[in-house]
Every structure is written in C-alpha cells, then in structure tokens.
Amino acid sequence: MGKNIQSLFHGMRVSDFLFLWVMFANLLLVAYLGIGNYQNGAKVATSQDNGEEIVAWFGDLASKLEANEPIQPVACTPMDEENKFAKGAKVNHWKNCVEALFGAKGPFEGYTNLLNPDGPAYSSKCNKHDLLTSGSFIFEKLTPNPAGPPGLSPMEPGEKLVSGLQVRLSLCDTGYYLIKIGEFKL
C-alpha cells in the first residue's frame with residue numbers, strides 16, 4: 001500500500017500540490033457558502049410563513065369588522081369612511097396599531113427579524129443604507145391609480161387607519177429587495 005501512494009505522488013511537482021490545495025480550499029469555501037445560503041433561505045421561508053399569518057390576521061380583522069365583533073388590539077380598529085369627519089371621532093394611527101401587534105401581548109409578539117436578530121421585526125422601508133432592515137416586514141400603502149398599477153408608499157407612523165385602506169406586506173430579503181407576501185384591506 002505504501003508503494004502505491006509513493007508511485008501516486010512520485011511524478012507530481014510543487015505546482016501540482018499547490019493546485020490540489022487550492023482546489024480543496026475552493027471546495028471547502030463552496031460548501032461553507034452553500035450551507036450559509038441554505039440557512040438564510042430557510043429563515044426567509046419562515047419569515048414568509050409568518051407574513052402569511054399576518055395577512056390572514058388582517059383578513060380575519062376585516063370579517064370581524066363586517067360582523068361588528070370586538071377587535072383585539074383595539075388600536076387596529078379602522079374608522080368608517082362616514083364617521084371619520086364626525087366631531088370627536090377618534091382615529092387610530094398606524095404606529096399604534098403596529099406597535100400593539102408586535103408588542104407585548106400582541107398577536108405577533110414572538111415574530112422577530114430572523115435574518116438580523118438585532119434588527120427590527122418591521123420597518124417603513126427596505127434600505128441598503130440601514131443594514132438592519134434586511135429580514136424585516138415592510139408595510140406599504142396602495143393608492144388606486146385609474147391609469148395603471150396602484151401607487152406604493154410606505155405606511156407612515158401617522159397614517160390614519162380608515163376602512164378601505166389597502167396595504168401590501170412584503171419582506172426585505174438579504175439583497176435588500178422586496179419579496180411580496182400579500183395584500184389586505186382594512
């Protein structure tokens with residue numbers, strides 16, 4: 001057996017050993033990057049599943065509104081179109097709603113940013129200059145456009161929650177591109 005190994009390496013030069021070492025190092029690097037990409041993909045898939053649950057929750061909210069059932073958290077109750085100009089009418093704002101949803105005792109308190117554990121679970125936009133937004137949920141307001149596709153704008157903290165407000169939920173991925181999860185209407 002020892003003679004077979006000697007004959008195998010007998011005709012090799014230093015450059016051949018260097019080539020084999022570089023090839024082995026490349027294989028290790030590809031395996032390492034592949035495992036990391038697989039793990040990030042699994043985290044993105046889990047975040048998408050969580051996002052689908054958020055869209056389903058808002059779908060249930062709409063059905064509860066139609067049935068005049070109580071809504072929890074109350075901060076997410078939208079104002080009816082006809083009542084929004086009534087004197088003394090209290091309109092809920094997006095900031096209060098989203099904080100109640102992801103805060104303590106909210107339905108999504110366990111949802112975190114899986115790609116960046118230090119990052120927020122939700123943010124106003126996907127921003128390459130703010131690296132912590134990767135992995136966060138992005139809520140965007142859809143504005144109907146009679147001439148083409150609807151206009152998109154970030155849900156600002158002061159946005160008033162009124163019935164009929166259309167919202168798109170997306171996920172900011174590792175490349176800072178939006179992955180559309182779904183749309184819902186208040």
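V167 stands opposite F184 in strand β5. Strands and helices here are DSSP runs, numbered from the N terminus: strands (E) have at least two residues, helices (H or I) at least four. Strand β5 covers residues 178-185, runs antiparallel to β4 and is joined to β4 by 7 bridges. Two strands count as paired if DSSP finds at least two bridges between them. The hairpin of β4 and β5 has 5 residues between the strands, and Y176 takes a positive phi near 65 degrees there.

This is a predicted model, where local features need pLDDT of at least 70, side-chain atom pairs count only at pLDDT 80 or more, and totals for chains, interfaces and linings use all residues. Residues are numbered from 1 along each chain as its sequence is written, and side-chain values use heavy atoms, with hydrogens and water left out.

E156 lies in the loop between β3 (151-154) and β4 (166-172). Is E156 buried, partly exposed or exposed? E156 is partly exposed because its relative accessibility is 42%. The scale is this: buried is under 20% relative accessible area, exposed is over 50%, and partly exposed is in between (1.4 Å probe, protein chains only).

Now turn to helix α3, residues 94-102. Its buried residues are W94, C97, V98, L101 and F102. They lie on the same side of α3, because they cover an arc of only 115 degrees around the axis. That arc is taken from the directions from the helix axis to the C-beta atoms. An α-helix has 3.6 residues a turn, so residues three or four places apart point the same way. What covers the buried residues of α3 includes α2, β1 (122-123) and β2 (137-143).

Helix α2 comes next. K43 lies in this helix. K43 is partly exposed, because its relative accessible area is 34%. Which residues does K43 touch, leaving aside neighbours within four places in sequence? They are L114 and L115. Contact means heavy atoms within 4.5 Å. The C-alpha atoms of K43 and L114 are separated by 5.9 Å, although the two residues are 71 apart along the chain.

M23 is also found in helix α2, which spans residues 14-66. M23 counts as partly exposed because its relative accessibility is 39%. With F19, L20 and L27, M23 makes a nonpolar surface patch of about 400 Å². Patch residues have over 30% relative accessible area and no salt bridge; like charges are joined within 9 Å, nonpolar side chains (Val, Leu, Ile, Met, Phe, Trp, Tyr) within 5 Å.

How values were computed. Areas by Shrake-Rupley, 256 points an atom, 1.4 Å probe, with all protein chains shown as cover. Salt bridge = Lys/Arg side-chain N within 4 Å of Asp/Glu carboxyl O.
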